Each structure stands twice: as structure tokens, then as C-alpha cells.
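User: I would like to learn how to read helix packing and cores. Can you take me through an example?

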Amino acid sequence: MSIDDEARTLARIPMFRELEPSQLRLLAFSAARLDVAAGDILFQQGEAPDAAYVVLEGVAIIEVTAGGAAHEVARLGRDTVVGEMGVLTGEPRSATVRAGEPMSVLRMETDLFLALLDRTPSLARAVLRDLAFRLQETTRALVKARG
């Protein structure tokens, strides 16, 4: 996949849609493309956050360990972002993310992601919208689970 292909992929992701084509190409150029084997871990719950990841291909499985057991809480496919919450808060990772099948991802170092947010208010708003939407979904799921 070329830089231009990766930039087009980034443009499909809601949080990156408002970036200019030149910004998308710079982001694609600055991020590291990784191929991840099925079962490999991108990051572990409790680790210090060092990057956010864009899923280009494959499925990321999000697991939370509680009571000594791992619980799958979500599966995210292509054109999604994982790990940005830790990058934003600086707090230890709240979940483990592993490849449910072979994956290709773009790894955006913390400094790159935060610098892009600082320079691009529309991206910062999009990230806030995305996080607020996920918080609403989580709240609804908790209410439904409690019955």
C-alpha cells in the first residue's frame, strides 16, 4: 500500500475526514505501517501508552482483564482507531488489543498524534466527538446489562 493509498484510507475514518489531503499524506508518511500476525498483541492492559493505531486490514480484539479472566469487549475492523484514549490521557492502557486475524495497522507515535491534535482543531473536535459517542454507547450497554 502506498502513502497515497494510506492517506485515502485515513480520509475514510471519521476522525480524520476533515484533514487536508496534504495533512493525510504527512500523517501516512509519519506513521509506521506494521503487519501483525493473528493472536499477536498490539498493546497490553496496564502498559504505558506510546502510540495509537489505525486498523487498515483485519480485526482488532479488545479485551479487558477483570477477576483474573480476560473478557472480550469489542471487535474493531478496518478504518478504525485503537489506543487513542491512552495517548490522550497518558494513563495506563485500559484494555489489551490483539489481532483476531492477520492485520495491517498504521502506528502513530504519541508525539505525532498529539502534535497533529494541537495543529488541527477540527481533528481535536472529531476525536472528542468520537470519544463522546463511545462513552454514550458504553453507558447504554451498562444500563441494558443491569436490566
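Analyst: Start with a crossing. This is a predicted model. H1 and H2 cross in a right-handed sense.

User: How is a pair of packed helices described, and what are the values for H1 and H2?

Analyst: The general idea uses two quantities: the angle between the axes and the distance between them. Here H1 and H2 pack at about 115°, and their axes lie 8 Å apart. That angle makes H1 roughly perpendicular to H2.

User: Which residues of H1 and H2 meet?

Analyst: From H1 come Ile 3, Asp 4, Glu 6, Ala 7, Leu 10 and Ala 11. From H2 come Leu 24, Arg 25, Leu 27, Ala 28 and Phe 29. By type, this contact has eight nonpolar residues, three charged and no polar ones.

User: How does spacing along a helix help me read a list of residues?

Analyst: An α-helix has 3.6 residues a turn, so residues three or four places apart point the same way. Now take H4. Its buried residues are Thr 110, Leu 112, Phe 113, Leu 116 and Leu 117. Their cover includes H2, S3, helix H3 (84-89), S8 and H5.

User: Which residues touch the most other members of the largest nonpolar core?

Analyst: They are Leu 10, Met 15, Phe 16, Val 54 and Met 108, in a core of 25 residues. Helices H1, H2, H4 and H5 each give two or more residues to this core, as do strands S3 and S8. Another core, of 14 residues, lies apart from it; Ala 51, Tyr 53, Ile 62 and Ala 95 are among its members.

User: What does Met 15 contact beyond its neighbours within four places in sequence?

Analyst: Met 15 is in contact with Val 81, Glu 84, Phe 113, Leu 123, Ala 126, Val 127 and Asp 130.

Technical notes. Residues are numbered from 1 along each chain as its sequence is written. This is a predicted model: local features need pLDDT of at least 70, side-chain atom pairs count only at pLDDT 80 or more; totals for chains, interfaces and linings use all residues. Side-chain values use heavy atoms; hydrogens and water are left out. A nonpolar core is a set of buried Ala, Val, Leu, Ile, Met, Phe, Trp, Tyr and Cys residues joined through side-chain atoms within 4.5 Å. Buried means under 20% relative accessible area, exposed over 50%, partly exposed in between (1.4 Å probe, protein chains only). Helices (H or I, at least four residues) and strands (E, at least two) are DSSP runs, numbered from the N terminus. Contact means heavy atoms within 4.5 Å. Axes are lines fitted to C-alpha atoms, for helices over the stretch in contact, and angles run from 0 to 180 degrees between N-to-C directions. Angles under 35 degrees count as roughly parallel, over 145 as roughly antiparallel, 65 to 115 as roughly perpendicular and the rest as oblique. A crossing is left-handed if the near helix is turned anticlockwise from the far one by less than a right angle, and right-handed if clockwise. Ala, Val, Leu, Ile, Met, Phe, Trp, Tyr, Cys and Pro count as nonpolar, Asp, Glu, Lys and Arg as charged, and the others, Gly among them, as polar.
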